[in-house]
Every structure is written in structure tokens, then in C-alpha cells.
Amino acid sequence: MRRVPCDPVATEDRGLDYELLRRHRRSLCIQVREDGSVRVLAPQGASEHEIQKLIAERRPWIDRKRAEQCNRPPGVFLLPANGASLPFLGNCLVLELTGGRGPVERVGHRLCVPGSDTKIALRLLKAWYRNQAREKALREHAPWSARIGRHPQGFVIREQKTRWGSCTAHGIISLNWRLMLGTPALFEYVLVHELCHLRHLHHGPRFWTEMARLLPDYADRRRALRSFIGTWFGATASAPLTDLYVDHRPT
Ligand SMILES: [Zn+2]
């Protein structure tokens, strides 16, 4: 941790509420979560003074991040009410908030989500969608990878703010879990699109020729994706995500 010679700013930090978690780790880390709450991960032996110093030092960053979170449009990040319909690959699941503990369970069209408060329930619900996305990608990529002649090194399921998917030069494919809120055709389009980048790491003519070979109706799907928002609320303030992006930078 970088030490500051004096900390006149520290007095301003008294009003900042944060959750402190002590872990077996070497460095201090500050996280601003999507609900604006602040969490500090600290080594077991870190002193209160060290923690306060870091918070003082990072306060402008913390304030900026919290402001960003507060200004985020409502929609996908809020927990839907009990009994709400959740889009899931072209179908609807009925959300059942069961409280308490245990795993998220799907029983037919019901999705039973535990959690002693809304924050926990939302986290569990999103984690369930992410797991479904990961399993789907792992289950379905093989025939496409075989046709392309390249195999991904791994899948990462994320909540990108501006992308549906990306592919690194090292063959790691990221997919946005919100694709699970759309139809199977949209998910498949993004999956195949990113797999196609394993061979063509650009959006040049050869890339689109390959896409046309693999998915003859790719243009229709691409158009549908552009107007797809990917949220579980009908009216949302968030704009559709931009077109797909390929990351050329080495990771
Ligand atoms: Zn692309």
C-alpha cells in the first residue's frame, strides 16, 4: 500500500460506511458494489489505521464509482417482485422468493430463489443465470468449434455494460449473462460470432463470409440483437448494448 505522509482527507471519511472482510491476502482492496455499498478486503493483520489511510487515499475514486452506480438506469439490476415473470431463453419463469437459505432451484416454470434480503436474492438470481449461461456455452459450442476448426480456451460469463460478448487473442470468450434473457437464436448468434473470432480476429469480409457459412440467417439475428435490451422489466431506461466487440489486446 502506498503510504501518504499525512492524511488531512481522512477526517472526511468518518461518514463512509463500509463492510470490512479480513482474509488471507497480502494487500488491501476496496470494492464498490453495484448497489453503491463499499467493501474492504484486508489482510488479517492490517491495522485500522492502514485501512483508514487507504480509504482516504482512494476516496475520490470511491465517490466517483458510487456516483456511477447511483446514476445507473434501473432495470436489470433490481430484484423483480415475487411472482414476476422472468424471461429465460424465449420462455418465462415465475419468480418465487422463498427467503432463507439454500440453492436456487428450478421446478418446472417456477424459479425458487432463497435469500434473507433482496440484495442476497438478487445476487443468487443473477448467479443462477450466469451458471445457466456457462453450462449452455460449454454444452453447445463443440459442434460449432469443430466446424470452425478452432476451440476456445475457456468461457467467462460476465455482466458487460456495453458488449454481448468478446474474444481475446488467447481464445478466451466472454459472454454476457443477459443473453439468457433473450431467445436461443440470439444466444447462438453471439456464441457462434465469438467462436468465429477464434479464426478471424476482426470484422473483415472473411469473418462475415465464415458467419454466413455457419449461420445463413446471421444478418436477421444480428438485427434482432441490436434491438434486444436484455432485462426482466418491460420498460427500462437502459439502451440496447452496442454491437459485438473483439478484444485484440493480449491478456
Ligand atoms: Zn465480433
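User: What makes strand 1 and strand 3 a pair of strands?

Analyst: Two strands pair if DSSP finds at least two bridges between them, and strand 1 (residues 19-23) is joined to strand 3 (residues 38-43) by 5 bridges, so the two qualify as a pair. They run parallel, and arginine 23 stands opposite proline 43 in strand 3. This is a predicted model, in which local features need pLDDT of at least 70 and side-chain atom pairs count only at pLDDT 80 or more, while totals for chains, interfaces and linings use all residues. Residues are numbered from 1 along each chain as its sequence is written. Helices (H or I, at least four residues) and strands (E, at least two) are DSSP runs, numbered from the N terminus.

User: How many bridges join strand 2 to strand 3, and which way do they run, parallel or antiparallel?

Analyst: Strand 2 (residues 29-32) and strand 3 are joined by 4 bridges and run antiparallel, with isoleucine 30 standing opposite valine 40.

User: Why is arginine 39 called partly exposed?

Analyst: A residue is buried if 20 or more other C-beta atoms, placed from the backbone, lie within 10 Å of its own, exposed if 12 or fewer do, and partly exposed in between. Arginine 39, which lies in strand 3, has 13 C-beta neighbours inside 10 Å and therefore counts as partly exposed. Its C-alpha atom is 8.3 Å from that of cysteine 29, 10 residues away in sequence.

User: Why does aspartate 217 count as exposed?

Analyst: Aspartate 217 has 11 C-beta neighbours inside 10 Å, so it counts as exposed. Aspartate 217 lies in the loop between helix 4 and helix 5 (218-226), and its C-alpha atom is separated by 9.4 Å from that of tyrosine 189, although the two residues are 28 apart along the chain.

User: What makes strand 4 and strand 6 the edge strands of their sheet?

Analyst: The sheet is open, has 4 strands in the order 4-5-7-6, and shows mixed pairing. Strand 4 (85-88) and strand 6 (105-107) each pair on one side only, and they are its edge strands. The twist averages 35° from one strand to the next, where axes are lines fitted to C-alpha atoms, for helices over the stretch in contact, and angles run from 0 to 180 degrees between N-to-C directions. Within this sheet, strand 5 and strand 7 run parallel and are joined by 4 bridges, and leucine 97 stands opposite valine 113 in strand 7.

User: Why do strand 8 and strand 9 stand at the edges?

Analyst: Another open sheet has 3 strands in the order 8-10-9, with mixed pairing. Strand 8 and strand 9 (165-167) each have a single partner strand, so one side of each is left without a neighbour in the sheet. Here the twist averages 15° from one strand to the next. Strand 9 and strand 10 run antiparallel, joined by 3 bridges, and glycine 165 has leucine 175 as its bridge partner in strand 10.

User: Where does helix 2 bend?

Analyst: The bend at a residue is the angle between axes fitted to the seven residues ending there and the seven starting there. At histidine 141 this angle is about 45°, and proline 143 follows within four residues.

User: Which residues touch the most other members of the largest nonpolar core?

Analyst: A nonpolar core is a set of buried Ala, Val, Leu, Ile, Met, Phe, Trp, Tyr and Cys residues joined through C-beta atoms within 7 Å. The largest has 34 residues, and Ala133, Leu175, Leu179, Met180, Val190, Leu191 and Leu195 touch the most other members. Leaving aside neighbours within four places in sequence, alanine 133 is in contact (C-beta atoms, placed from the backbone, within 7 Å) with Ile157, Leu175, Trp177, Leu179 and Met180.

Conventions:
Two residues are in contact if their C-beta atoms, placed from the backbone, lie within 7 Å.
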